[in-house]
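Welcome to this short tour. Open your viewer, and we will go from one selection to the next.

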Amino acid sequence: MKKLTIIISFLVLLLGCEKSVKTCNSDDPLKDLAWLQEVKTSLTNCSCEMSIIQATYNKQTVFYTAMTDPICNGIYPIVLRDCTGDIVKSYESLNQVKDNDITNIKTLYRCKVE
């Protein structure tokens, strides 16, 4: 009975632990990927809100910048880049992206109008 209690306790502990999900071998890709840091640094004095977004495209983690300010109504190209910064896919605008092309969308950074 004692062995069973130990085994059950171990299983509960094992199953109860959260698994850390790493993106591009990083807990914080915005901080750890040099090319993504450069993108963030380039987003200064935003007259319209711009965001750095992480998503999934064809089962691959991608990053892109997008104009996310509803007041600004312009055409802004969407360039999907992989973990190394290489271009995976380009769209002329967000309107060209099909609903299920890009999934698991997560905003990493917003350059807001000040």
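Start by selecting Arg110 and Glu49: their side chains meet in a salt bridge, with 3.6 Å from N to O. The pair links distant parts of the chain, 61 residues apart, with Arg110 in strand 5 (residues 102-111) and Glu49 in the loop between helix 3 (34-42) and strand 1 (50-57). A salt bridge here is a side-chain nitrogen of Lys or Arg within 4 Å of a carboxyl oxygen of Asp or Glu. Helices (H or I, at least four residues) and strands (E, at least two) are DSSP runs, numbered from the N terminus.

This is a predicted model, where local features need pLDDT of at least 70 and side-chain atom pairs count only at pLDDT 80 or more, while totals for chains, interfaces and linings use all residues. Residues are numbered from 1 along each chain as its sequence is written, and side-chain values use heavy atoms, leaving out hydrogens and water.

Are the two partners buried or exposed? Glu49 counts as buried because its relative accessibility is 15%, and Arg110 counts as partly exposed at 45%. Buried means under 20% relative accessible area, exposed over 50%, and partly exposed in between (1.4 Å probe, protein chains only).

Next, select strand 1: 8 of its 8 residues are buried. Look for Ser51, whose bridge partner in strand 5 is Arg110.

Finally, show strand 2 (residues 60-67), which pairs with strand 1 in the antiparallel sense over 8 bridges. Ile53 stands opposite Tyr64 there.

Conventions
Pairing = 2+ DSSP bridges.
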